[in-house]
Amino acid sequence: MDKLAELFQFGQPKSAQQKIKGTMVIQKKNVLDLNDFNAGITDDVSELFGRGVSFQLVSTSQIDSSNGIGKLSKKAPLQNWISTHEGVLTGQTTYGVEFDWDSSFGIPGAFFITNSHHHEFFLNSLTLQVPGNGNVHFDCNSWVYPASKYNRERVFFSNRSFLPANSPPALTKLRNEELRNLRGEYDGMAETERKECDRVYDYDFYNDLGNPDKNLELSRPVLGGSEQFPYPRRGRTGRPRTKTEPASESRLALDMSLDIYVPRDERFGHLKLSDFLAYSLKSVAQFLVPELKSLFDSTPNEFDSFEDVMKLYSDGIKLPDNPILDAAKNLIPLELIKEFLTTDGQKLLKYPLPPVISNDKFAWRKDEEFARQMLAGVDPVVIQRLQSFPPRSKLDPEMYGPQISCITASHIEKNLDGLTVEQALEDNKLFILDHHDVFMPYVNRINALPTTKIYASRTILFLKKDGTLRPVAIELSLPASEGRESVRKVFTPAEEGADGALWQLAKAYVAVNDSGYHQLISHWLKTHAVTEPFVIATNRQLSVMHPVYKLLSPHFRDTMNINALARQTLINGGGILERTVFPGKYAMEMSAVAYKDWRFDEQGLPTDLLKRGMAMVDSSMSHGLKLMIEDYPYAVDGLEIWFAIVSWVKEYLSLYYQNDDAVKSDAELQAWWTEIRNVGHGDKKDETWWYSMESVEEVEKAITTIIWIASALHAALNYGQYPYAGYMPDRPTVSRRLIPEEGSHEFSELVENPDLGILRTLSNQFQTTLGIALIEILSRQSTDEVYLGQRATNEWSGDERVTKAFERFGMKLKEIEKNIRERNEDSEKLKNRCGPAQLPYTLLYPNTSDVSHKGGLTGKGIPNSVSI
């Protein structure tokens with residue numbers, strides 16, 4: 001009987017060998033890169049000579065005493081590489097693989113893969129049919145290079161999640177070794193220049209923005225690591241230092257921009273790269289043609305009227321013969337040229353009409369629309385409630401002039417509907433868009449640049465009975481400079497004559513300031529830059545088996561890649577941002593100064609609203625907050641999104657952290673948070689506001705905030721760029737001259753032809769077309785976008801409790817979509833939802849229900865991550 005018992009375990013004969021059948025989904029390199037036709041041929045030849053792809057399963061229950069890891073299965077080859085054809089649309093190919101197995105091996109928890117081909121392939125997933133145990137799924141989503149490229153074998157873990165203390169002992173060593181590999185701890189990887197196949201995540205300063213070896217005019221300060229210019233860290237590339245400035249890193253040539261290093265799995269996916277390149281090429285073409293055409297204009301590089309601006313959207317222009325465009329085309333695979341020609345169905349060189357002028361060409365000029373966009377535009381995160389009058393600066397008066405604003409009660413009381421300033425303050429009806437202190441220290445330096453003239457600005461607004469805002473005064477200021485005392489001018493609403501022209505011009509200066517603040521600080525710094533350290537730390541310190549990794553990973557998709565491309569072509573010295581946004585070469589260092597005031601614990605929406613005085617605590621309200629402007633579309637929609645994320649994060653984490661001790665004892669989580677604080681945001685490491693990460697509540701707060709920044713906050717600040725700023729007069733990015741002095745020719749021109757005077761002040765044709773080309777790219781949703789409440793695959797978690805909770809999160813977001821549609825339809829009552837421009841606020845519309853994968857300039861949808 002004893003011998004008979006030994007033959008059976010779990011109801012199966014011990015000696016009876018069975019088969020585990022596996023289904024592998026991959027994408028071959030020759031499908032994803034049509035310029036590399038040889039990849040498919042050479043890999044097929046490798047198969048013929050027995051050099052294929054093989055696998056070994058790793059047991060979760062049986063440990064090999066010789067190496068301390070789970071028992072390994074026999075190697076099994078991938079079947080039918082040559083004879084299996086890829087899918088026509090996706091390029092995905094499904095292969096079979098079979099493993100010998102007996103029940104004593106247990107359930108596989110990981111597998112090794114060896115690629116003996118000459119080329120890499122993208123491994124989507126592996127699904128195993130384990131006898132008596134159902135399916136075991138591995139969500140891989142990773143490039144697998146030839147084995148000769150790696151120091152250690154590639155290993156993948158199943159979709160089950162474990163805290164480190166609960167990890168199967170058979171997998172613990174592999175779990176730790178994989179993290180060491182990603183940190184570059186093997187074979188001195190931390191110090192070497194990165195190669196395409198590397199999977200190393202590490203940190204560096206922003207020391208690659210300048211190009212002093214090319215031209216000293218392109219030298220830029222290192223951001224990060226100093227008290228003067230603190231900054232979040234970026235992903236390390238390991239490129240050599242410049243000869244001119246040893247602290248700076250050398251740069252890639254422009255035509256090599258797409259090769260800038262990020263870990264291979266952080267690079268854009270196939271469809272995303274297709275969209276990005278196609279629209280980049282299209283927008284470059286759109287930019288070049290108006291430049292060429294302007295050579296034949298009576299006033300080259302200038303708009304002579306608003307009708308000239310409108311021609312950017314109404315005229316279709318054929319692509320000229322141009323060596324720059326020909327070179328660009330030669331860099332892009334054939335399939336992407338098809339994308340370039342056909343994706344959006346528009347004329348090749350015709351900008352789409354921005355929604356802000358699609359219903360009314362002149363609504364943007366109205367005071368109500370000017371103010372509404374502070375609540376429901378592309379930068380609705382700056383406006384504050386005015387809590388004392390007059391406004392006061394915190395800057396040194398010896399350097400920057402009087403601290404107290406020169407706006408007086410007499411300036412504004414005529415527009416307060418019969419209230420005094422004191423009454424309006426007491427009734428919480430005064431608000432301010434304050435771009436004074438952030439810009440004043442840079443005004444003289446910026447104005448010394450050849451093409452830019454700005455003011456520091458303050459804009460006071462009054463909340464009317466119908467819930468809309470009325471701008472009541474604008475103050476424009478200049479600090480003292482050599483031979484000139486400080487300047488402060490106040491403008492109040494007017495519709496006609498010189499005062500009317502000056503009021504429109506004053507609003508334009510405010511719009512320029514807000515555009516610059518939006519691009520550099522609200523958008524770039526507070527979403528893109530601050531998120532990257534979280535991406536790096538998550539990959540370095542949290543195993544893919546960790547539940548927090550699985551929760552956060554979709555919210556980091558493409559972030560390192562888009563940030564690297566931004567450093568290469570957008571925010572670099574002499575790059576597009578410096579050419580199109582007023583601070584010029586001071587742009588990025590200004591964002592570093594702004595980072596001094598950044599606090600992670602204030603980035604959540606409720607805290608932000610309270611800090612800006614836009615809400616107050618009120619337990620009787622649904623979210624515990626009362627908005628000071630009831631019809632504040634960004635805040636109303638945002639709070640619903642925020643608390644939906646809160647509920648999802650709490651429910652998810654409760655499945656793994658039953659108490660605070662579980663948080664304190666989580667070695668990976670503690671290492672993750674320590675690295676974020678001390679390295680990723682190392683210039684802030686001594687701040688006392690960091691969470692101690694010793695309670696479940698603190699983990700919930702931190703992760704909710706990270707998801708909010710990466711998804712909803714970024715969506716609110718990014719995807720409205722073209723709908724609003726696609727029409728330059730609404731959101732100009734440059735002002736080229738100061739307000740003309742009364743009695744001057746320029747002043748007479750402004751009074752006689754206000755439109756021409758404003759156009760001569762704002763962005764010229766070059767700046768406008770380049771700026772529009774840029775934001776058309778940045779505002780487009782990718783065709784492979786994954787929205788909040790969606791996942792790229794349904795098998796991302798092996799825990800049914802998790803998938804059920806995620807379904808509830810998705811349903812809540814779809815309910816929010818319905819609420820947003822209903823609010824937008826109630827524009828008679830909620831006037832700020834659409835405003836004079838009749839542009840419904842949809843920037844925080846989740847789009848969870850959309851599975852069409854159409855992409856485009858939709859002006860709605862919350863992608864999971866900072867991906868463009």
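Predicted model: local features only at pLDDT ≥ 70, side-chain atom pairs only at ≥ 80, totals over all residues.

Helices and strands here are DSSP runs, of at least four residues for helices and at least two for strands, and they are numbered from the N terminus.

**The chain as a whole**

- The protein chain holds 28 helices and 20 strands.
- It has 868 residues, and 59% of them count as buried.
- Take the contacts between residues at least 6 apart in sequence: 75% of these join residues at least 24 apart.

**The second largest pocket**

- This pocket has a volume of about 1400 Å³.
- Its lining is made of 40 residues, and those closest to the centre are Gln384, Asp434, Tyr517, Asp597 and Lys611.
- Two or more lining residues come from each of β14 (384–385), β15 (430–435), α14 (497–541), α18 (587–595), α19 (605–611) and α23 (696–718).
- The biggest contribution is that of α14, which gives four residues to the lining.
- By residue type, the lining of this pocket splits into 20 nonpolar, seven polar and 13 charged residues.

**Helix α9 and its cover**

- Helix α9 spans residues 367–376 and is mostly covered, with eight of its 10 residues buried.
- The buried residues of α9 are Glu369, Phe370, Ala371, Arg372, Gln373, Met374, Leu375 and Ala376.
- Their cover includes the strands β15, β16 (456–463) and β17 (469–478), together with the helices α14, α20 (633–654) and α24 (721–725).

**Aromatic rings**

- The model has 35 aromatic pairs, counting rings whose centres lie within 6.5 Å.
- In one of these pairs, tryptophan 364 and tyrosine 727 have ring centres 5.8 Å apart; their planes stand at 65 degrees, so the pair is edge-to-face.
- This pair links distant parts of the chain, 363 residues apart: tryptophan 364 sits in the loop between α8 (334–342) and α9, and tyrosine 727 in the loop between α24 and α25 (745–752).
- Tryptophan 364 counts as buried because its relative accessibility is 10%, and tyrosine 727 is buried too, with a relative accessible area of 1%.
- Elsewhere in the ring pairs, a cluster links Tyr206, Tyr231, Trp524, Phe534, Tyr595, Trp598, Phe600, Trp672, Trp673, Trp689, Trp690 and Tyr691.

- Glutamine 790 belongs to the loop between α27 (765–778) and α28 (800–825).
- Its relative accessibility is 12%, so glutamine 790 counts as buried.
- A polar atom of the glutamine 790 side chain lies 2.8 Å from the backbone oxygen of aspartate 850.
- Beyond its neighbours within four places in sequence, glutamine 790 touches Glu785, Phe806, Asn847, Thr848, Asp850, Val851 and Asn864.
- Asparagine 847 has a positive phi, near 65 degrees, in a residue other than glycine.
- With 4% relative accessibility, asparagine 847 counts as buried.

**Other residues in or around the loops**

- Asparagine 428 also has a positive phi, near 60 degrees, and is a residue other than glycine.
- Is asparagine 428 buried or partly exposed? Its relative accessible area is 22%, so asparagine 428 is partly exposed; the cut-off for buried is under 20%.
- A cis peptide bond connects phenylalanine 389 to proline 390, with omega at about -5 degrees.
- Proline 390 itself is part of the loop between β14 and α10 (397–400).
- Threonine 237 lies in the loop between β13 (234–235) and α5 (270–293), and at 1% relative accessibility it counts as buried.
- Leaving out neighbours within four places in sequence, threonine 237 is in contact with Glu193, Arg194, Glu249, Tyr261 and Arg567.

- Leucine 770 is part of helix α27, and its relative accessible area of 10% makes it buried.
- The C-alpha atom of leucine 770 is separated by 8.4 Å from that of arginine 579, although the two residues are 191 apart along the chain.

How values were computed. Residues numbered from 1 in each chain as written. Heavy atoms only, no water. 1 Å grid on protein atoms, 1.4 Å probe; cavity = no way out; pocket = protein on both sides within 12 Å on 5 of 7 lines; lining within 4 Å. Points joined across faces, edges and corners; volume = space filled by probe spheres on them. Nonpolar A, V, L, I, M, F, W, Y, C, P; charged D, E, K, R; others polar. Buried < 20%, exposed > 50% of the residue type's maximum accessible area, 1.4 Å probe, protein only. Polar contact = N/O pair within 3.5 Å; in protein donor to acceptor, adjacent residues only side chain to side chain. Contact = heavy atoms within 4.5 Å. Phe/Tyr/Trp six-rings, centres within 6.5 Å; stacked < 30°, edge-to-face > 60°.
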